[in-house]
Each structure stands twice: as structure tokens, then as C-alpha cells.
Amino acid sequence: MTDATAPTGAAIAPEITAEAQAHDHAHPDLRVWGLLTFLISESLMFGGFFAAYLMVRGAASHWPPEGTEVELLLPTINTIILVSSSFVIHLGDVAIKKNDVNGLRKWYIVTALMGAVFLAGQAYEYATLGYGLKTNIFANCFYLMTGFHGLHVFIGLVLILGVLWRSRRAGHYSDHKHTGVEMAEIYWHFVDIIWIILFALLYILTQFS
Amino acid sequence: MTQAQVPLDDAALVADHDHAQVHKAWKWYHYFGYNIDHKVIGIQYLVTAFVFYLIGGLMAVGMRMELATPDPDFVDPSLYNALLTNHGTIMIFLWIVPAAIGGFGNYLVPLMIGARDMAFPNLNAIAFWLNPPAGLLLLGSFFFGGAQAGWTSYPPLSEITAPVAQSMWIMAIVLVGTSSIMGAVNFIVTIIMMRVPSLTWDKLPLFCWAILATSALALVSTPVLAAGLILLLFDINFGTSFFKPDAGGNIIIYQHLFWFYSHPAVYLMILPIFGIMSEIIPVYARKPIFGYKAIAYSSLAICLVGLFVWVHHMFTSGTPPWMRLFFTISTLIVAVPTGVKIFSWVATLWGGKIRFTTAMLFAVGLLGMFVLGGLSGITLGAAPFDIHVHDTYYIVAHFHYVLFGGSVFGLYAAIYHWFPKMTGRMMNERLGQVHFLMTFIGANLTFLPMHSLGTHGMPRRVAMYDPQFTALNQLCTFGAFMLAASLIPFIINAVWSWTRGPKASDNPWNALTLEWTTASPPIIENWEVLPVVTHGPYEYGMTEEALAVE
């Protein structure tokens with residue numbers, strides 16, 4: 001292995017064999033770490049949008065501009081649904097840690113439904129608001145930011161449906177094998193946290209300022 | 001921290017799950033397709049990036065030919081704008097960053113930490129394959145007028161010239177940005193979680209420290225650029241007005257979002273090179289590196305401080321004085337950890353038994369070039385001077401000393417140093433020396449006169465200039481031709497050595513980091529049995545007894 005001419009030839013001695021390494025499973029699954037690292041990145045993309053929004057807002061004399069007032073009732077209901085879904089999805093995670101696949105499926109189906117209701121609510125809101133993407137700078141920000149968040153909810157929904165699809169196979173998820181379940185949950189929580197900031201910035205602070 | 005295990009059948013084998021029949025080496029055609037071995041991906045990155053280097057270099061030669069005379073007689077001004085935009089974009093996003101991080105990072109990090117592959121081999125391959133379409137988008141944009149707003153693509157210029165080409169430019173940058181984020185996630189998880197248990201943090205090679213800092217920086221800054229570019233894309237194509245002041249938008253927002261990434265991007269281009277320097281210098285000086293911890297921590301310090309200096313690119317954008325003061329000070333502070341590294345390398349060289357191989361020549365050449373580039377950077381960090389030379393050739397001189405004299409010299413040094421490991425063959429030293437001399441003289445001829453041009457007021461990004469600048473411009477153009485010619489001995493050397501060169505031993509330079517403990521080129525999965533680290537990576541010149549006592 002080591003070159004004979006190396007000054008400290010004997011210093012690096014082989015001990016761990018590939019075989020031994022391949023069969024030692026006492027390590028954390030790296031995919032969760034990968035996802036968490038990636039979500040740092042995602043947060044900063046939203047951070048860029050938030051910063052841009054705050055700068056536009058700071059420079060405006062009237063906020064929101066005429067004709068683009070936000071409506072609060074539907075988005076508040078939507079927010080409650082989305083935030084509660086974070087608790088629901090966690091119940092699914094708790095269930096699989098007790099090896100209860102049916103519990104996992106039940107709670108993940110409920111979460112998926114709640115996510116779908118949120119997206120439908122957002123679509124309804126877009127259709128009934130009375131202004132579009134190009135109306136003015138507030139509308140620009142509003143549609144771009146909620147739209148990007150909606151896209152993330154959709155991706156989260158696909159992840160949850162993926163978990164549900166895979167959980168049909170017996171033994172695919174169990175109390176010691178549930179990384180995929182956890183990743184869908186973490187991503188869902190992330191989408192939720194971003195929504196809370198968005199809701200505060202775009203709705204609450206626009207309405208009460 | 002335990003080492004993560006990569007099951008054998010996941011790590012590198014495409015179809016063959018039978019361990020007994022593991023191929024011990026890849027065939028040439030494996031390099032042209034989807035492959036998840038970090039070594040293949042590293043070489044794919046390097047070769048692709050080098051092709052883009054040639055294309056970007058050709059664009060530079062085109063520009064210098066235009067600038068040989070004060071009149072716009074070689075290319076018309078809009079094509080000149082497209083050339084300068086794409087030259088900058090390609091060199092940054094498709095040559096230096098992918099070659100340094102994607103190429104050497106991928107190839108070396110798993111080998112240096114005793115891992116069989118990266119943490120997410122498939123993600124790694126996908127990240128690479130985002131690069132070729134990005135390059136095609138940039139080159140294809142020439143058929144739609146070419147993006148003309150410079151590599152910064154400031155609105156409003158970028159919103160009114162060649163909208164299709166500009167959109168292609170944006171999508172290309174989003175693609176390489178995505179690739180860069182994927183790579184960053186992969187490197188961070190790999191370096192933190194997948195080291196062999198015996199490789200403690202204080203024995204981690206400095207290149208890995210540098211890649212870790214680089215990845216952290218890419219992870220937090222790249223998505224902010226993506227946010228800015230998405231807003232720009234919407235402005236150009238979907239009628240929004242984020243950057244249109246007449247409709248409530250604000251151009252400065254773009255500059256903030258852009259420079260929040262693009263200032264750290266200069267560290268993305270130089271931190272891995274600092275890592276390469278820290279590997280190469282002790283090997284050829286046969287001395288332990290001076291100040292291991294100082295170098296490791298200064299990478300992290302540069303990464304942190306580098307996030308808080310972006311406004312120094314905007315001193316002339318109507319920035320309020322308190323902001324100029326804050327960002328002048330934070331900019332000057334970055335020089336401290338950078339200086340720590342420079343002095344550590346010089347101290348390592350001091351009294352060493354230096355072997356002037358081609359890799360070492362480039363490393364020492366880098367020291368000279370980069371110090372000059374760094375010093376002009378300090379002058380630019382001070383707002384009053386920056387306002388004076390803003391958007392003149394002084395800026396062009398500064399960043400070419402840093403990016404060519406720093407990053408490209410470092411990449412050359414790395415290629416000469418690790419070529420035997422990657423290909424199993426030695427490069428020709430004589431041709432390497434010719435290459436170095438032509439590069440060093442050519443780079444100084446091209447970029448040194450630009451300082452003078454800049455302080456005398458020649459603006460950058462223009463196809464024509466005042467006749468008083470003719471002589472110095474012709475000197476620059478001559479230097480550019482020399483740089484172009486310097487690639488001839490290099491390419492001949494690389495191609496000939498790769499196919500016919502003398503066989504290399506496992507450790508031709510007598511280096512101590514882990515990648516030299518395996519075969520040249522390394523077998524698939526890197527080692528038959530994983531190595532155990534018993535001493536630091538830079539303990540040159542110490543006897544075996546001294547190491548044993550430690």
C-alpha cells in the first residue's frame with residue numbers, strides 16, 4: 001500500500017477492511033443531515049425574497065398600494081390548517097417509531113389532505129383577489145412569494161405521497177427504518193415555518209400597519 | 001464522530017453487485033457517461049471546465065484583438081458586450097468554481113479523509129450533469145444576440161437588451177447555482193461524517209478544511225443570488241417591476257442580492273486554491289506546514305467575514321456614508337486571515353529543502369501574483385480610492401491578478417501535482433517549465449499595464465477608447481496572445497503524458513496525505529482496506545522514531 005520510499009512508510013497501516021466497514025451499520029443515516037444542510041440553503045433563498053420585500057416596502061409611502069388590499073379570513077383559516085398539519089404529521093412519525101405502519105399511513109393521509117386543502121385555498125384566493133401578478137409592486141411580491149411557497153408545499157405533498165406509496169409494501173418502514181418518513185416530516189415543518197414568516201410579512205403586517 | 005459506512009454495492013459499482021468481480025479500474029468510456037464514482041466525477045468536472053476555459057479564453061482573445069486599436073474594427077460593440085459578459089460568466093461559473101470545487105474537491109476529499117466515496121454519490125453525479133446544459137445555454141445565447149449586460153447583469157441594462165439571451169443567461173446561472181448547492185451539501189456531510197475514525201479534526205488535511213469553509217459559504221450565499229435572478233427573470237419575462245423604479249421597484253435591491261452571493265463567490269474561487277497551496281508547499285519544501293491551526297481557522301474566518309463585505313462593490317451606488325465606513329472596515333479585515341495564510345506559506349518555505357517542480361513553480365508564482373492582487377484589493381476596499389477608480393481598468397487588473405494569478409495558477413499547480421495520482425502517469429517537467437514561464441510572463445504583460453490604464457481613467461467594458469491608451473493596450477493584447485500560446489505546451493504535455501507518459505509510482509512526490517497511500521490511479525472504492533491515520537498530514541522531515549514517540 002504505502003510507497004517504500006515514503007519517509008514514514010510504516011506510519012499508515014491498514015486495519016479496517018472494506019468488508020468490516022460494509023457490515024457495520026451503527027451510524028446515523030446521512031440523508032437526514034443532507035436534508036437539514038439543504039434546508040439552510042432553502043431558507044436563505046426565501047431570506048433573499050424577504051429582504052427584497054422589506055426594502056420595497058420600506059421605500060413605499062402607501063402600503064399596500066391602492067387596489068391590492070389583502071384579505072385575512074381565508075388565509076388565516078389556511079394558516080391554521082397548515083400549522084396544525086405539522087402536529088398531525090408528527091403523529092405519523094411517532095406511530096412508525098412504535099412500528100405502527102397503519103398509524104403512519106393514517107396520519108400521513110390526513111396531512112396530505114390538509115396540504116391539499118391549503119393549496120386549493122391558495123388557488124381560490126388567487127382566483128378571487130381581483131388583482132394579478134403585474135398589478136403593482138405589492139402584487140408582484142405577493143404572488144411571487146406565496147407562489148414560491150405554494151410550490152414548496154406541493155413538493156412536500158409529493159414527498160408525503162411518496163412515503164404513503166412506499167408504505168404499502170410490508171416492512172418498508174419500521175421502528176428502526178424510517179428515514180424517508182422523517183425526511184418528509186422535516187421538509188413539511190420547514191414549509192410551515194416559512195409560511196409563518198410569510199404570513200406575518202405579507203398579511204398581518206400589511207393589514208395592521 | 002464515527003465514520004459512516006458506505007455499503008460496497010452503493011459506492012461505485014454501476015451494475016456489478018458481486019464483490020468478487022469488482023472492476024479494479026474504470027475504462028475510458030466510463031468517463032463519458034453517468035457515473036457515481038467521485039473520482040470519475042472529479043475528472044469529468046476538470047475536463048469539462050477546462051474545455052470551457054478554452055472557450056472563455058478564446059472570447060478574451062477576441063476582446064483583446066478588438067482592443068489592439070482604439071476603434072471598434074474587429075467585432076461590433078454589441079458582440080463585444082456579449083463576449084465580455086460570457087467571458088466573465090464562463091470563467092467564473094464554468095471554469096474556476098467547477099474545476100476547483102467540483103473537480104479537485106470531488107477527486108481529493110474522499111481520498112484525503114479515507115472514505116470510499118462522497119456521502120451522496122448520485123447527488124454528486126446529478127450536480128455535475130447540470131453543468132454542460134448551463135454551458136450550452138450560455139453559448140446558445142449568442143444566437144439570440146448574446147447576454148450583453150456584463151457578468152453582473154445589472155438592471156435596467158439587463159432588462160432592456162436581448163431579453164431571450166438574458167433569460168438564457170439567468171437559467172444557466174441558476175443551473176450552476178443548483179449544482180453548487182448540491183455539491184456544498186455533499187461536501188459538508190462528507191467531511192463531517194465520513195472521515196475514517198482515526199482522522200481527527202486536528203489531522204484533517206488543510207484542503208478539506210478549505211473545502212468545508214467553501215461549501216458553507218456556497219450553501220448560504222448561492223440561494224440569495226437565485227432569489228435575485230428569479231426576480232430578474234420575472235421582470236424580463238412576466239411583466240413584474242421589482243427592479244423598475246418607475247413602478248415602485250428598486251435597482252439597488254438587485255445589487256444587494258447579487259453581491260451577497262458574488263462577493264463570497266470570490267472566496268469560492270480562492271479558498272479551495274488556498275487549500276491546494278497548503279497541500280503543495282509543504283510537500284516540495286519538505287517541511288511541516290507552519291501554523292496548521294492558523295491556516296485552518298483563517299479559512300473559516302474568511303468564510304465568515306466574507307459574508308459581511310458585499311457592499312464594497314456598491315460604494316458608488318448611492319451607498320450612505322455610514323455603510324461605506326462599515327464595509328470599508330469589514331473589507332480590510334478580510335485581509336488579516338488572508339495575510340495569515342500568506343505568511344504561513346512563506347514561513348513554510350523558509351529554510352525548506354525546496355524542489356522546484358512545475359507544481360511548486362506555479363505555487364510560488366501564485367504567491368507573487370496573489371500578493372499583488374491582494375494589495376490592490378486593499379486599496380479598492382477603501383471607499384475613497386474605490387470611488388476614484390470605479391469601473392476602470394484598475395478593477396480589471398485587480399481581479400485578474402486575483403483570479404488568474406491566484407485561482408488559475410493554483411489550478412495549474414494542482415493539475416501538475418495530482419496528475420500522477422489521477423492518471424497513473426508523470427507529466428513532462430521541461431514542458432511544464434515552458435508552460436509556467438509563458439503563463440507567468442504572459443499574465444504580467446496582460447494585466448500589469450491595466451493598473452496604469454485604470455488610474456489614468458480608461459473605463460472597463462468598452463470596445464473603443466481614447467488613443468492615448470493605445471500603447472499600453474497593445475502591450476496587454478500581446479500578453480494575451482502569449483497566454484493563449486502558453487496553453488499549447490500545456491495541452492501537448494497533458495495529452496501526451498496521459499497516454500504515453502512514464503508510469504507514476506503510488507507516491508511520486510513522497511507526500512503524506514492519505515490519497516498517496518493508494519494506487520495511482522486509485523482503484524474503484526479507493527482502497528482494498530481503509531487506511532488508519534497515525535500522524536498528521538504534514539510531518540515532513542521528522543524521523544520515524546520521532547513520529548512513533550508522538
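This is a short tour of a predicted model, one selection at a time.

Start by selecting chain A. Its secondary structure comes to six helices and one strand. From the N terminus on, the order is β-α-α-α-α-α-α. Of the 209 residues in chain A, 48% are buried.

**Transmembrane regions in chain A**

An unreviewed UniProt entry lists both among its transmembrane regions. Residues 144–165 are 100% helix, and their end C-alpha atoms are 31 Å apart. Residues 186–205 are also 100% helix. Here the end C-alpha atoms are 27 Å apart.

**A nonpolar patch**

Select A:Leu151, A:Phe154, A:Ile155, A:Val158 and A:Leu159. Together they form a nonpolar patch on the surface, with about 420 Å² of accessible area. Zoom in on A:Leu151, which lies in helix H5, residues 137–167 of chain A. Is A:Leu151 buried or partly exposed? A:Leu151 is partly exposed, because its relative accessible area is 44%, and the buried class stops at under 20%.

**A salt bridge within one helix**

Move to helix H3 of chain A, residues 73–97, and select A:Lys97 and A:Asp93. Their side chains meet in a salt bridge, 3.0 Å from N to O. The two residues are four apart, about one turn of the helix. A:Asp93 is buried, at 3% relative accessible area, whereas A:Lys97 is partly exposed, at 41%.

Now go to chain B. Select B:Arg460 and B:Asp391. They form a salt bridge, with the closest N and O atoms 3.1 Å apart. B:Arg460 sits in the loop between H15 and H16, and B:Asp391 in the loop between H13 and H14, so the pair ties together parts that are 69 residues apart in sequence. B:Arg460 is buried, at 16%. B:Asp391 is partly exposed, at 33%.

**Helix H15 of chain B**

Select residues 429–455 of chain B. This is H15, with 27 residues, reaching 39 Å from its first C-alpha to its last. Look at its N-terminal end. B:Asn428 caps it, with a side-chain oxygen 2.8 Å from the backbone nitrogen of B:Arg430. After the helix comes B:Gly457, whose phi is positive, near 100°.

**Last stop**

Finish with B:Phe370, in helix H12 of chain B. B:Phe370 is buried, with a relative accessible area of 7%.

Note on methods:
Residues numbered from 1 in each chain as written. Chains lettered and ligands numbered in written order. Predicted model: local features only at pLDDT ≥ 70, side-chain atom pairs only at ≥ 80, totals over all residues. Heavy atoms only, no water. UniProt positions renumbered as here; feature names shortened; annotations may be inferred. Expected span 1.5 Å × (residues − 1). Polar contact = N/O pair within 3.5 Å; in protein donor to acceptor, adjacent residues only side chain to side chain. Patch = residues over 30% accessible without salt bridge, like charges linked within 9 Å, V, L, I, M, F, W, Y side chains within 5 Å. Areas by Shrake-Rupley, 256 points an atom, 1.4 Å probe, with all protein chains shown as cover. Salt bridge = Lys/Arg side-chain N within 4 Å of Asp/Glu carboxyl O. Buried < 20%, exposed > 50% of the residue type's maximum accessible area, 1.4 Å probe, protein only.
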